[in-house]
Structure formats: C-alpha cells, structure tokens
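Me: I have a model open and want to learn how to read it. Can we go through it feature by feature?

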Amino acid sequence: MLYGGIPETSQILISGGPGAGKTLMSFEYLYRNAKMGNTSVLFAFEEEPARILENVKSAFSELTDIDDLVRDGKLIIDGKTPSDSILGASDDGHSAYEFGKVLADMESLIMSTKANRVVVDSLSVFNMLIRDDALYRKYMLALILSMRRLGVTSIMTTEMESPERHKLVFKPEYFIFDGIIALYQTGEESKRMLATEILKIRGSKHSFVTTPYEITPAGFRIFAAEDIAPY
Ligand SMILES: Nc1ncnc2c1ncn2[C@@H]1O[C@H](COP(=O)(O)OP(=O)(O)OP(=O)(O)O)[C@@H](O)[C@H]1O
Ligand SMILES: [Mg+2]
C-alpha cells in the first residue's frame, strides 16, 4: 500500500479506535527496524513499558526475538509516564514548560541511543495537557519539527473519534503530519472487521484503497490488492 514503505524522516500519524492495533502496528514497525540492526525507541505515554512488552509478546507470539532485541538495546521502550504535574498543569504557561521538558527528554534519548525510528504512543496525553486547538497544533508542530531535525522517521498514534470510516473527522493535527494512516473497525462485535486506509503520504505514491488487515502471531497481515495482482 505504501509502494516501498514510509519515506525517511517522515512524521506519520496512525489514527484509530480503541483496540484497532495502533500500539501493535507501531511496535512492529520498530521491531522490523531493530532486526535490521538499527535502534528503535518507543515512547510509551499511556502504558507501562513492562505491560506493553507483555502485550506485544502475547499478540506476536511467533516473533520470538523481541526480548533479545530489548536486551541488546536495539528496541527501547521508554516509559517516562508523564508526571502528575503534566496532567495537573492548569495554565498554558505551566503546560508549555512541562511540554518543553518532555520534548527535551525525548530528544536526549534519541541522540544518546542514535535511534533512527521512533514511536510516540500516544499523543492523547499532549491533547489532555493542552485543550486549545490552535495551541495543541503548535505543540504538535514543535514535536514534528524536532523529530525531523533529529533525522528520525516516526509514527505517532492518536485516537479516532469514531472507529467507522463514514464518521471520519479530520482533527487539527492531521494537517501538519507528513502522512496519516487510519485504522477502522466495522461490523458487529461478533464479526468485527479491521481495515486500513492511507489518507496521505507527502511526496510518495500510495494506495487509496481501504484494505482489510489482520493481527497475526507473526505480525500484521494486510490484504492489499497490489499483492494479489494476477501477474
Ligand atoms: N494475544 C493476542 N492475540 C490476538 N490478538 C491480540 C492479542 N493481543 C491483542 N490482540 C489484538 O490487538 C488489539 C489491541 O491492539 P493494540 O493494543 O495495538 O490496540 P490500540 O489501538 O493501541 O488500542 P488502545 O486504543 O487501547 O491503545 C486487540 O483488540 C486484539 O484484537
Ligand atoms: Mg494502544
């Protein structure tokens, strides 16, 4: 669907409903990068690193070298869960200060580990920190510019208002990212269908087809039409 993947130094948003696979998809991206000998960092703002590790190992039971990559420092799950002060920040000046601290910590870990692929899971904490749309967009732009300056390619996750495609709402941060990948859920609970759509990738050709996917023990399986072309 991406005709070769996410362009280097792009800053990509994965948007989806609860349980759509945002964390798992972004983790697999880092895992594949780590397996190539590069360093990957996941900034976990919502769940404890140990919990994330447990969940990904259970979901991806056939990827048996996850622990090895973590031990070798190729796959880093950083869990500086935002301090109470971040969530308790009441005024914009205080929020700006807390945001600056979080960003500086992220930058210093990326530089010291020489990571080239980064995940921020999720952006919701920043949205909680700053409710004003224009200001939130400004923070997101600062985050994106910082990652681009560091030369990393990153995926950041965000919650979708509704998991269904026809209810898609463009959030303010959608416009500042280089690319957006949407994960939808449709159907009844007993027969849930997952599908992904690439809404945009700046500077690159990509599929426009909403395409079903599965989360398998060996990783994501995307049923892209391009893969089943008759020749
Ligand atoms: N061990 C497992 N075996 C099979 N499928 C699993 C397993 N663990 C998780 N899943 C699937 O992955 C989904 C959760 O994926 P993930 O945690 O990446 O979602 P998310 O979009 O990040 O959710 P949230 O919004 O809650 O953070 C589950 O809903 C389930 O369908
Ligand atoms: Mg998640």
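Reply: Start with burial. A residue is buried if 20 or more other C-beta atoms lie within 10 Å of its own, exposed if 12 or fewer, and partly exposed in between, with C-beta atoms placed from the backbone. This is a predicted model, where local features need pLDDT of at least 70, side-chain atom pairs count only at pLDDT 80 or more, and totals for chains, interfaces and linings use all residues. Residues are numbered from 1 along each chain as its sequence is written, while chains are lettered from A and ligands numbered from 1 in the order in which they are written.

Me: How does glutamate 159 count, with its C-beta neighbours inside 10 Å?

Reply: Glutamate 159 has 16 such neighbours, so it counts as partly exposed. Its place is in strand 5 (residues 153-159). Helices (H or I, at least four residues) and strands (E, at least two) are DSSP runs, numbered from the N terminus. Leaving out residues up to four places away in sequence, glutamate 159 touches Ser122 and Ser124. Contact here requires C-beta atoms, placed from the backbone, within 7 Å.

Me: Which residues of helix 1 are buried?

Reply: Among them are Met25, Phe27, Tyr29 and Leu30. In total, 10 of the 14 residues of helix 1 are buried, so the helix is largely enclosed by the rest of the structure. After helix 1 comes glycine 37, with a positive phi near 95°.

Me: At what angle do helix 5 and helix 7 pack?

Reply: Axes are lines fitted to C-alpha atoms, for helices over the stretch in contact, and angles run from 0 to 180 degrees between N-to-C directions. Angles under 35 degrees count as roughly parallel, over 145 as roughly antiparallel, 65 to 115 as roughly perpendicular and the rest as oblique. Helix 5 (residues 92-113) and helix 7 (residues 133-149) pack at about 20°, their axes 11 Å apart. They are therefore roughly parallel to each other. Phe99 and Leu103 of helix 5 are among the contact residues, as are Tyr139 and Leu143 of helix 7.

Me: What is the strand order in the open sheet?

Reply: Two strands pair if DSSP finds at least two bridges between them. Nine strands form the open sheet, in the order 3-2-4-5-1-6-7-8-9, with mixed pairing. Strand 3 (75-78) and strand 9 are the edges, each pairing on one side only.

Me: How many bridges join strand 8 and strand 9?

Reply: Four, in the antiparallel sense. The two strands form a hairpin with two residues between them. Isoleucine 215 has phenylalanine 220 in strand 9 as its bridge partner.

Notes:
Contact = placed C-beta atoms within 7 Å.
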